[in-house]
Amino acid sequence: MKTRKLTLTAIFIAINVVLSSIIVIPLGPVKAAPIQHLINVLCAVLVGPWFGLAQAFISSIIRMIFGTGSFFAFPGSMVGVLLASGFYFYRKHIFMA
């Protein structure tokens, strides 16, 4: 079971880094990536909050290294994953996430 979660997390990281470098909305110092938010919610729902948190952190680091992200990706993505997983586990409905 853990191998499946690790594999899904790695796939989500790869998809997140590739698509978040293509679709970026610059808002001053912030580079908003709507795909990153979508992947974060999917990861929080499918593999849980801790793997989702790791996925958000690693994706943010890789995006910073490639220059497609900003420092604001760290708090936004990690808090977003924790909130999405909390709301999902509270109601057990994808709409709440």
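Predicted model: local features only at pLDDT ≥ 70, side-chain atom pairs only at ≥ 80, totals over all residues.
**Helix α1**

Helix α1 runs over residues 2-22 and has 21 residues. From its first C-alpha to its last, α1 reaches 30 Å, close to the 30 Å expected at 1.5 Å a residue. Its buried residues are Thr9, Phe12, Ile13, Asn16, Val17 and Ser20. Seen down the axis of α1, these buried residues fall within an arc of 130 degrees, so they line one face of the helix. An α-helix has 3.6 residues a turn, so residues three or four places apart point the same way. The buried residues of α1 pack against α2 (34-47) and α3 (49-66). Thr3 and Ile22, on the other side of α1, are exposed.

**The nonpolar patch**

Ile22 also belongs to a nonpolar surface patch of about 490 Å², which it makes with Ile11, Ile15, Val18, Leu19 and Ile23. Although Ile11 and Gln55 are 44 residues apart along the chain, their C-alpha atoms are separated by 9.5 Å.

**Helices α2 and α3**

Helix α2 has 14 residues and spans 20 Å between its first and last C-alpha atoms, close to the 20 Å expected at 1.5 Å a residue. Its buried residues are Ile35, Gln36, Ile39, Asn40, Cys43, Ala44, Val45 and Val47. The cover over these buried residues of α2 includes α1, α3 and α4. After α2 comes Gly48, with a positive phi near 105 degrees.

Phe66 is placed in helix α3. With a relative accessibility of 58%, Phe66 counts as exposed. In sequence Phe66 is 49 residues from Val17, while in space the two are 9.1 Å apart, C-alpha to C-alpha. Val17 itself is one of the buried residues of α1.

**Helix α4**

The 19 residues of α4 should span 27 Å at 1.5 Å a residue, and the end C-alpha atoms are 27 Å apart, which agrees. In α4 the buried residues are Ala73, Phe74, Ser77, Met78, Val81, Ala84, Ser85 and Tyr88. Viewed down the axis of α4, the buried residues fall within an arc of 130 degrees, so they line one face of the helix. They pack against α2 and α3. On the other side of α4, Tyr90 and Arg91 are exposed.

Pro75 is located in α4, which covers residues 73-91. Pro75 counts as partly exposed because its relative accessibility is 41%. Pro75 is 15 residues from Ser60 in sequence, and their C-alpha atoms are 9.6 Å apart in space.

**C-alpha distances between residues apart in sequence**

The pairs named above are collected here.

| Pair | Separation in sequence | C-alpha to C-alpha distance |
|---|---|---|
| Ile11 and Gln55 | 44 residues | 9.5 Å |
| Phe66 and Val17 | 49 residues | 9.1 Å |
| Pro75 and Ser60 | 15 residues | 9.6 Å |

**Packing in brief**

The buried residues of α1 pack against α2 and α3, and those of α4 also pack against α2 and α3. For α2, the cover includes α1, α3 and α4.

Key:
Residues numbered from 1 in each chain as written. Heavy atoms only, no water. Helix = DSSP H or I, 4+ residues; strand = E, 2+ residues; numbered from the N terminus. Expected span 1.5 Å × (residues − 1). Buried < 20%, exposed > 50% of the residue type's maximum accessible area, 1.4 Å probe, protein only. Arc of directions from axis to C-beta. Contact = heavy atoms within 4.5 Å. Patch = residues over 30% accessible without salt bridge, like charges linked within 9 Å, V, L, I, M, F, W, Y side chains within 5 Å. Areas by Shrake-Rupley, 256 points an atom, 1.4 Å probe, with all protein chains shown as cover. Salt bridge = Lys/Arg side-chain N within 4 Å of Asp/Glu carboxyl O.
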